[in-house]
Amino acid sequence: MINLFLIYTCYGILLSLTAFFQRVYTQGLKLHGSDVMIALLMVMIEIAIFRYFLSLIRVSAFIGYRKKRCQWGKITRKKHNSKTIEYT
């Protein structure tokens with residue numbers, strides 16, 4: 001399981017960095033060494049932490065939705081009276 005996690009993480013980092021540098025190349029942008037390091041750090045954080053966090057949020061939202069028997073609830077609408085608005 002750990003090997004699968006590491007393979008998935010490395011593959012995701014490779015794909016994200018490839019997409020990032022392809023965009024830099026096609027736009028003709030100039031990068032400093034610090035920009036590359038920041039991009040590498042952000043990609044690692046996104047792959048290793050943020051994706052799993054979003055998956056957890058999606059699962060918890062789905063479970064909450066199913067517990068309430070597939071109902072989102074009701075929204076009550078109120079009509080605004082435009083005559084009571086005063087402009088100064």
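I started with salt bridges and found that the structure holds 1. The term stands for a side-chain nitrogen of Lys or Arg within 4 Å of a carboxyl oxygen of Asp or Glu. I noted that this is a predicted model, where local features need pLDDT of at least 70, side-chain atom pairs count only at pLDDT 80 or more, and totals for chains, interfaces and linings use all residues. Residues are numbered from 1 along each chain as its sequence is written, and side-chain values use heavy atoms, with hydrogens and water left out.

**Entry: the salt bridge**

I looked up the partners. They are glutamate 46 and arginine 51, whose side chains meet at 3.1 Å, N to O. Next I checked exposure (buried is under 20% relative accessible area, exposed over 50%, partly exposed in between; 1.4 Å probe, protein chains only). Glutamate 46 is partly exposed at 27%. Arginine 51 has a relative accessible area of 29%, so I logged arginine 51 as partly exposed too.

**Entry: serine 16**

Which residues does serine 16 touch, not counting those up to four places away in sequence? I listed Val43, Glu46, Ile47 and Arg51. Contact here means heavy atoms within 4.5 Å. Both salt-bridge residues, Glu46 and Arg51, are in that list. Serine 16 itself counts as buried, because its relative accessibility is 18%. I placed serine 16 in helix 1. Helices (H or I, at least four residues) are DSSP runs, numbered from the N terminus.

**Entry: aromatic pairs**

I then turned to rings. Rings of Phe, Tyr and Trp (its six-membered ring) pair if their centres lie within 6.5 Å; planes under 30 degrees apart count as stacked, over 60 as edge-to-face and the rest as tilted. By this rule I get 3 aromatic pairs. Phenylalanine 5 and tyrosine 52 have ring centres 5.6 Å apart and planes at 40 degrees, so I wrote the pair down as tilted. Phenylalanine 5 sits in helix 1 (residues 2–27) and tyrosine 52 in helix 2 (residues 33–67), so this pair ties together parts 47 residues apart in sequence.

Tyrosine 8 also pairs with tyrosine 52. Their centres are 6.3 Å apart and their planes at 65 degrees, so I called this pair edge-to-face. Tyrosine 8 is in helix 1 and tyrosine 52 in helix 2, so the parts joined here are 44 residues apart in sequence.

How exposed are these rings' residues? Phenylalanine 5 is partly exposed, at 37%. Tyrosine 8 is partly exposed, at 40%. Tyrosine 52 is partly exposed, at 33%.

Terms used. Helix = DSSP H or I, 4+ residues; strand = E, 2+ residues; numbered from the N terminus.
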